[in-house]
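My entries follow in the order in which I looked.

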Amino acid sequence: MPTAHPSGWAHADGALRGPHWLREPADANELVPALWSRTATKTDGVLSVGGVPLTELVREHGSPAFVLDEDDFRTRARAFRDAFAGYEVFYAGKAFLCTTVARWLAEDGLSLDVCSGGELAVAERAGFPMERVGFHGNNKTVRELERAVDLGVGRVVVDSFAEIERLAALTAERDRTMGVMIRVTAGVEAHTHEYIATAHEDQKFGFSIASGDALEAVRRVLTAPGLRLLGLHSHIGSQIFDTSGFEVAARRVLALHARVAEELGTEMPEMDLGGGFGIAYTTQDDPSEPAQLAAGMSEIVDHECRARGISRPRLSIEPGRAIVGPSMCTVYEVGTVKEVALDGGARRSYVSVDGGMSDNIRTALYDADYSATLASRASEASPTLARVVGKHCEAGDIVVKDEFLPGDVRPGDLVAVPGTGAYCRSMASNYNHALRPPVIGVRDGKTFTVLRRETEADLLATDVGVA
Ligand SMILES: *Cc1c(COP(=O)(O)O)cnc(C)c1O
């Protein structure tokens, strides 16, 4: 049993155990399967994904690299599709989007959410069926809306009165119609392990149900001839582990849904409950399976609809992280290892790798926890508490705050971090003029390049100062 240490991470005896949830492994070589994509295995200490040893992958494609397990991604996408049969399942492209992934989703029958012109461009390039695209965002430009209308995007999730006006004008000008969902704030927000009912809903997204804005938005959409009202949309947050938070939100959204039927005589055919399903980044996380989530959400909605005597709208959900998150890991090469003395005589090992906050900003941005393993060899050394840090000019450039790695980790070793599929490559930057790493697909013992590594020529292409 892990125990909490109120006096901090440094014990009186000088040993360093890390945060209370961190499990000290008997053998630091061992993989924790729940954290890795389904084809990840270790043989003689060498990590393989999709049948490809990462030592070989790095020899061929260099380091650092994102490794995308095709089988894992598609299995997770299909698991959501099948568990949520009868729903429309939108993959949230902002988690990670490229033409390869868009094509897999199209083939496997999922729909796709985008929230910018750039993401829409990827969907277009991939030949993704536009009627299965949803367009999100609190500040879509007129140009982006025009493009959505011209491409025949299936639905726009409207987020402001100004946007309703713009979209109404655009569809009228073009004599087109557009399916519209109305993003509402239910006054419930998920904060990883807890839900916060925000009384004044102090954030930028959506129309407030409590203030009456949401009902007013419904009225305005109904009066625009080019806008086809599909339903209400609510997204309560991210890294949610069970369906309890959806209960309050679904109740509030369905109350408005019923009110629209009663007062305005319009039965909206659809309702979207958003995404945010959690994954395991470390051993402290225990996510639910899609089937459990589906059962929980359907039960909540059915119960509410029965109680209100209304028929159930067609539901949709928008998982991003829960599909792509576990299907990628990042492999890095170790450059330096530094032992640092802490109070109480404890020591921490700083393992510096050839990437960092430019390929994974989540640790610095959200204080996110990750795990890591030595990926290129077996070690007999006993586990030491390590911190995996990047090569950027920031003390906060941390990839993995706390992990037990073998005590002899040294320059030239490969270290892999699981669960980096969502919001890592998609949030990657060129900070310090870093070249963003490639995404290398793996399947059946073969690699294929999904996104190539950036080059200095890519970096300099936008710098027009010297001809
Ligand atoms: C971010 C977002 C999602 C996806 O969230 P995940 O945590 O990746 O599942 C879905 N819907 C909306 C509206 C979002 O903003």
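**Strands, then helices**

I began with strand β8 (residues 155–158), which runs parallel to β9 and is joined to it by 4 bridges; strands pair if DSSP finds at least two bridges between them, and strands are DSSP runs (E, at least two residues), numbered from the N terminus. Within this pairing I found Val156 opposite Val180 in β9.

I noted that the model is predicted, so that local features need pLDDT of at least 70 and side-chain atom pairs pLDDT 80 or more, while totals for chains, interfaces and linings use all residues. Residues are numbered from 1 along each chain as its sequence is written, and side-chain values use heavy atoms, without hydrogens and water.

I then looked up the open sheet of 3 strands, which has the order β1-β2-β3 with antiparallel pairing. Its edge strands, each pairing on one side only, are β1 (41–43) and β3 (52–53). β1 pairs with strand β2 (residues 46–49) over 3 bridges, and I noted Val46 in β2 as the bridge partner of Thr43.

Last, I found helices α5 (residues 142–151) and α6 (residues 161–174), helices being DSSP runs of H or I with at least four residues, packed at about 45° with axes 10 Å apart; axes are lines fitted to C-alpha atoms over the stretch in contact, and angles run from 0 to 180 degrees between N-to-C directions.
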